[in-house]
Amino acid sequence: MHIKYSTERIFDILGPDYISVGQYEGEIIGIASLSDGATGDLSFLGNSKYRSCLANSEASVILVPLDYEELPQKGQIYIKVKNPSYALALICRDIEFSLTPKPKVGIHPSAIIEPGAQVSPNASIGAFCYIASGAQVGAAVLESHVSIGRSALVADEAYLFSRVSVGEYCEIGPRNRLMAGCVIGSDGYGYEFVENSHQRVPQLGNVVTEADVDIGANTCIDRARFGSTQIGLGTKIDNQVQIAHNVKIGQHCLIVAQVGISGSVVLGDGVVIGGQSGIAGHLNIGTGAMIAAGTSVFVDIEPQAKARGYPAMPMMQFNRIAVLQRKLPEFFKRFDQLEKTVNSIVNS
Amino acid sequence: MHIKYSTERIFDILGPDYISVGQYEGEIIGIASLSDGATGDLSFLGNSKYRSCLANSEASVILVPLDYEELPQKGQIYIKVKNPSYALALICRDIEFSLTPKPKVGIHPSAIIEPGAQVSPNASIGAFCYIASGAQVGAAVLESHVSIGRSALVADEAYLFSRVSVGEYCEIGPRNRLMAGCVIGSDGYGYEFVENSHQRVPQLGNVVTEADVDIGANTCIDRARFGSTQIGLGTKIDNQVQIAHNVKIGQHCLIVAQVGISGSVVLGDGVVIGGQSGIAGHLNIGTGAMIAAGTSVFVDIEPQAKARGYPAMPMMQFNRIAVLQRKLPEFFKRFDQLEKTVNSIVNS
Amino acid sequence: MHIKYSTERIFDILGPDYISVGQYEGEIIGIASLSDGATGDLSFLGNSKYRSCLANSEASVILVPLDYEELPQKGQIYIKVKNPSYALALICRDIEFSLTPKPKVGIHPSAIIEPGAQVSPNASIGAFCYIASGAQVGAAVLESHVSIGRSALVADEAYLFSRVSVGEYCEIGPRNRLMAGCVIGSDGYGYEFVENSHQRVPQLGNVVTEADVDIGANTCIDRARFGSTQIGLGTKIDNQVQIAHNVKIGQHCLIVAQVGISGSVVLGDGVVIGGQSGIAGHLNIGTGAMIAAGTSVFVDIEPQAKARGYPAMPMMQFNRIAVLQRKLPEFFKRFDQLEKTVNSIVNS
């Protein structure tokens with residue numbers, strides 16, 4: 001990553017809401033963590049865990065919280081902002097435009113658009129993309145090897161990385177970002193055991209994502225048995241997540257990597273699910289609920305509740321029990337001792 | 001999903017084994033759950049959990065169990081059958097033919113069939129498919145971007161969704177359904193630590209699936225070190241499952257999403273493994289065993305046994321212990337009290 | 001797998017460090033486990049668990065440990081070596097060359113190399129590969145449908161199986177093996193919650209792998225927020241592993257299938273992580289640490305430590321507690337009994 005950037009440009013982006021302390025005259029040529037940062041680098045204090053690294057950081061330009069009182073070294077500038085992490089995000093978005101220019105509008109000569117498909121003249125369709133009959137693709141970007149099934153829809157400003165597969169009849173909302181290898185609209189896993197074998201239950205529905213949804217690499221979202229598997233506005237899904245048929249996910253949820261959500265689960269708005277958690281079928285997860293990483297949920301979760309464990313329980317309860325479990329070896333000894341004492345009383 | 005369907009067609013499909021109560025004269029224009037169903041919709045009572053939704057359902061045609069005694073509303077018909085869920089599956093299979101017509105026979109002009117590969121004249125080979133030398137593809141359907149390795153076999157009526165990869169020498173059985181992005185025949189994970197580094201152990205075997213196997217999206221099945229990794233007749237594997245080298249899976253098993261099965265594990269027939277479970281290497285899982293979701297198995301499991309937990313134990317034992325664990329905070333208090341009582345006896 | 005092989009060739013490969021007992025005159029036509037082996041097969045005793053299968057094995061040529069004292073049957077040969085499993089690996093590597101000849105050098109006519117990309121004349125570029133502008137590919141093998149992003153590097157002797165995706169600016173080291181469907185350089189999962197929605201934090205860094213790294217099928221490695229997500233020399237990663245942004249993995253680590261490693265985690269050298277384990281963000285895992293399968297790590301792990309459980313604790317402690325947990329039902333009964341005894345003392 002080779003960048004050329006200036007503190008002036010940073011001030012432009014931050015607007016009036018910053019205080020700068022110290023001075024750095026040179027060019028910004030990189031971005032790095034506090035400990036990796038060297039002369040010319042932009043860095044930031046985003047997690048208070050790293051506060052001790054700040055004083056020794058050799059980065060030249062450092063975004064710090066408004067309440068940070070220490071002074072920079074010579075030739076170093078601290079830029080105080082309300083949220084250093086978000087301030088960095090704004091700067092990085094600006095840098096991103098130069099590092100990763102938006103692909104050119106147009107259809108790569110190797111792409112195949114079947115008769116009956118509609119592609120916006122403002123779309124960018126990459127090499128080896130396949131767009132089936134009846135599909136409609138708006139002013140979106142499709143990188144290489146993307147497959148859009150029959151009668152599927154891709155809205156404006158969606159960005160599909162390489163090897164994304166959107167199954168027939170599925171609908172991808174505006175400004176969605178679909179990472180490489182994700183599969184939207186695979187068959188739901190539904191069988192009836194009849195005459196000694198598992199008979200497939202056809203999955204006639206689709207997947208519908210609202211605006212501003214992100215879907216991670218190699219994540220799978222199954223089509224509904226009928227109706228739609230739904231992902232709400234602004235929800236962000238990480239890599240290798242599995243979302244089964246007929247799931248309905250609310251708005252602005254965060255679903256971290258390797259989570260599995262079973263069929264017909266309903267998530268309210270603003271739910272956060274930590275990595276590798278699993279949710280059994282037909283459950284309701286209330287608005288604003290938080291599920292800790294590695295949790296297995298087998299019952300409904302109330303709005304705003306925090307759950308953890310296998311099986312899931314209220315987080316406070318889990319944490320209390322986890323402490324006691326570690327005391328079990330000592331506890332068994334205390335018990336043996338007490339039993340001995342009681343027996344000696346009885347026998348005396 | 002826009003459908004046009006009639007109750008008469010449903011009666012045709014169900015044959016003589018149904019009882020109808022009430023009447024609906026219109027067309028069926030959708031399928032929906034009991035709570036989502038509106039006029040014109042077909043619905044069903046498949047899970048007794050939803051029985052309370054039935055009376056208020058606005059669906060026009062509802063499949064119910066034979067023993068359901070309530071009467072439909074005006075303009076509504078109940079069709080009583082032994083297994084409403086399976087009855088719906090039969091109807092949906094009929095609808096599926098119209099929604100998703102089978103792709104046309106033939107080879108897409110963009111597909112590449114290497115010299116020495118054999119493709120049935122009844123196969124349907126999609127855009128950007130690659131079939132390597134020595135491979136044999138029967139009267140199967142390959143959607144776009146499918147890759148078939150050297151000397152691999154794909155039997156008749158197999159259906160490979162987009163971006164499936166079948167490695168060299170692997171054999172896919174008749175009527176298999178391979179979802180998008182699954183990888184059949186990746187290298188087994190085998191190394192010997194020699195001279196301070198991990199030396200790769202060549203994986204010379206293949207993967208063989210019997211008839212009627214389903215394999216989920218982005219699932220991986222590794223080739224054997226030698227011999228074959230085997231998947232038995234009628235076994236259904238969900239998305240993002242990992243099956244390591246030399247595993248042998250019996251017939252009619254169900255393996256739910258995100259399960260991991262380590263090397264050389266043997267599963268009997270009819271095993272059911274819940275989502276996100278893991279099985280350590282070289283274990284035997286007996287015929288008909290059931291492993292609850294989220295379980296980690298480190299010992300052999302007896303036929304028909306039910307296992308749960310980390311590490312796995314008999315399910316009854318797990319459930320009993322889970323209850324007691326939640327009592328630990330109270331239990332520790334009771335113990336402290338008892339200890340105090342005993343001490344006061346001793347000291348008196 | 002049809003092979004034709006001789007005991008003489010085996011002796012050539014093993015060099016002087018073996019002792020042979022017994023004799024087999026025929027050709028070797030297969031490789032099999034001890035229990036599956038038949039006349040003409042090569043087999044081996046690699047795991048002492050299978051020692052009881054050895055006496056009855058019908059394989060003709062069997063690699064056994066130096067200290068194995070039993071005698072072979074008539075027409076059977078035992079070849080004693082220090083490490084039978086590694087000896088077999090050496091033999092198999094020799095067989096692999098004949099079964100899987102290295103793809104021919106050259107660029108498949110269907111591949112697309114964008115202007116400004118550099119491809120070594122010794123590279124083998126498969127069907128439907130896409131190499132973006134500014135990318136550099138050395139004397140590597142790319143199977144079909146591989147996508148190399150803008151300005152990415154692929155070093156000499158790397159082997160990329162079908163459908164691998166290497167994102168822009170990422171760097172793949174020499175002799176890496178990337179299994180089908182893996183995604184290198186997907187966006188890190190980073191958001192700031194601002195004005196009631198999750199704002200994407202641009203991920204400007206890349207992924208860098210050192211030499212001799214293996215990466216499993218459908219595994220994902222996210223690009224760093226800035227700087228590099230790093231994979232050290234000789235580290236072997238299994239299928240469906242998720243490695244988040246800014247992770248730094250040391251040399252010669254083993255990371256088994258379905259592991260999830262959260263952002264900014266640092267792994268020392270020689271770390272072993274069992275399948276389905278998870279590591280929370282910003283943690284340090286010390287050199288040589290071992291994490292048992294299915295473990296969830298929420299604290300730093302010391303060098304050489306062994307950890308297990310949810311949440312992770314020292315393995316010995318976990319194993320001790322697991323035993324006591326199974327005793328809880330009996331323990332609760334003993335407690336009730338003791339309480340009764342004490343009460344009767346008090347009341348007497």
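Visitor: Helices here are DSSP runs of H or I with at least four residues, numbered from the N terminus. So, where is B:Val342 found?

Guide: The model is a predicted one, and in it B:Val342 is part of helix α4 of chain B.

Visitor: Is B:Val342 buried or exposed?

Guide: B:Val342 is classed as buried, because 21 C-beta neighbours lie inside 10 Å, and a residue with 20 or more meets the cut-off.

Visitor: Which residues does B:Val342 touch, leaving out those up to four places away in sequence?

Guide: On that count, B:Val342 touches A:Leu338, A:Thr341 and A:Val342, together with C:Val342.

Visitor: Staying with that helix, at what angle do α4 of chain B and α4 of chain C cross?

Guide: Two packed helices are described by the angle between their axes and by the distance between those axes. For α4 of chain B and α4 of chain C, each made of residues 328-347, the axes cross at roughly 40° and come within 11 Å. The crossing is left-handed.

Visitor: And which residues meet there?

Guide: From α4(B) come B:Leu338, B:Thr341, B:Val342 and B:Ile345. They meet C:Leu338, C:Glu339, C:Val342, C:Ile345 and C:Val346 of α4(C). Sorted by class, this contact has 7 nonpolar, 1 polar and 1 charged residues.

Visitor: What about chain A and chain C?

Guide: Chain A can likewise be laid on chain C by a turn of 120° and a shift of 0.0 Å along the axis, with an RMSD of 0.1 Å. The copies use different surfaces, as 18% of the contact residues of chain A recur in chain C.

Visitor: Why is it said that chain B and chain A meet through different surfaces?

Guide: Only 19% of the interface residues of chain B are also interface residues in chain A, so those copies meet through different surfaces.

Visitor: How many residues take part where chain B touches chain A?

Guide: There, 54 residues of chain B are in contact with 48 residues of chain A. On the side of chain B, α2 (84-99), α3 (315-326) and α4 each supply at least two residues. That side has 26 nonpolar, 19 polar and 9 charged residues.

Visitor: And how many where chain A touches chain C?

Guide: That contact takes 56 residues from chain A and 48 residues from chain C. The side of chain A has 26 nonpolar, 21 polar and 9 charged residues.

Visitor: A new topic: how many residues does the largest nonpolar core have?

Guide: It has 224 residues, and those with the most contacts inside it are A:Val154, B:Val154, B:Leu160 and C:Val154. Leaving aside neighbours within four places in sequence, A:Val154 is in contact with A:Val137, A:Gly138, A:Ala140, A:Ile148, A:Val166 and A:Ile172.

Visitor: Last one: where does B:Arg9 lie?

Guide: B:Arg9 belongs to helix α1 (residues 7-14) of chain B. With 14 other C-beta atoms within 10 Å, B:Arg9 is partly exposed. Between B:Arg9 and B:Asp94 there are 9.5 Å in space, C-alpha to C-alpha, although the two are 85 residues apart in sequence.

How values were computed: Residues are numbered from 1 along each chain as its sequence is written. Chains are lettered from A and ligands numbered from 1 in the order in which they are written. This is a predicted model: local features need pLDDT of at least 70, side-chain atom pairs count only at pLDDT 80 or more; totals for chains, interfaces and linings use all residues. Two residues are in contact if their C-beta atoms, placed from the backbone, lie within 7 Å. Ala, Val, Leu, Ile, Met, Phe, Trp, Tyr, Cys and Pro count as nonpolar, Asp, Glu, Lys and Arg as charged, and the others, Gly among them, as polar. Axes are lines fitted to C-alpha atoms, for helices over the stretch in contact, and angles run from 0 to 180 degrees between N-to-C directions. A crossing is left-handed if the near helix is turned anticlockwise from the far one by less than a right angle, and right-handed if clockwise. A nonpolar core is a set of buried Ala, Val, Leu, Ile, Met, Phe, Trp, Tyr and Cys residues joined through C-beta atoms within 7 Å. A residue is buried if 20 or more other C-beta atoms lie within 10 Å of its own, exposed if 12 or fewer, and partly exposed in between; C-beta atoms are placed from the backbone. Copies are superposed by least squares on the C-alpha atoms of residues with pLDDT of at least 70 in both.
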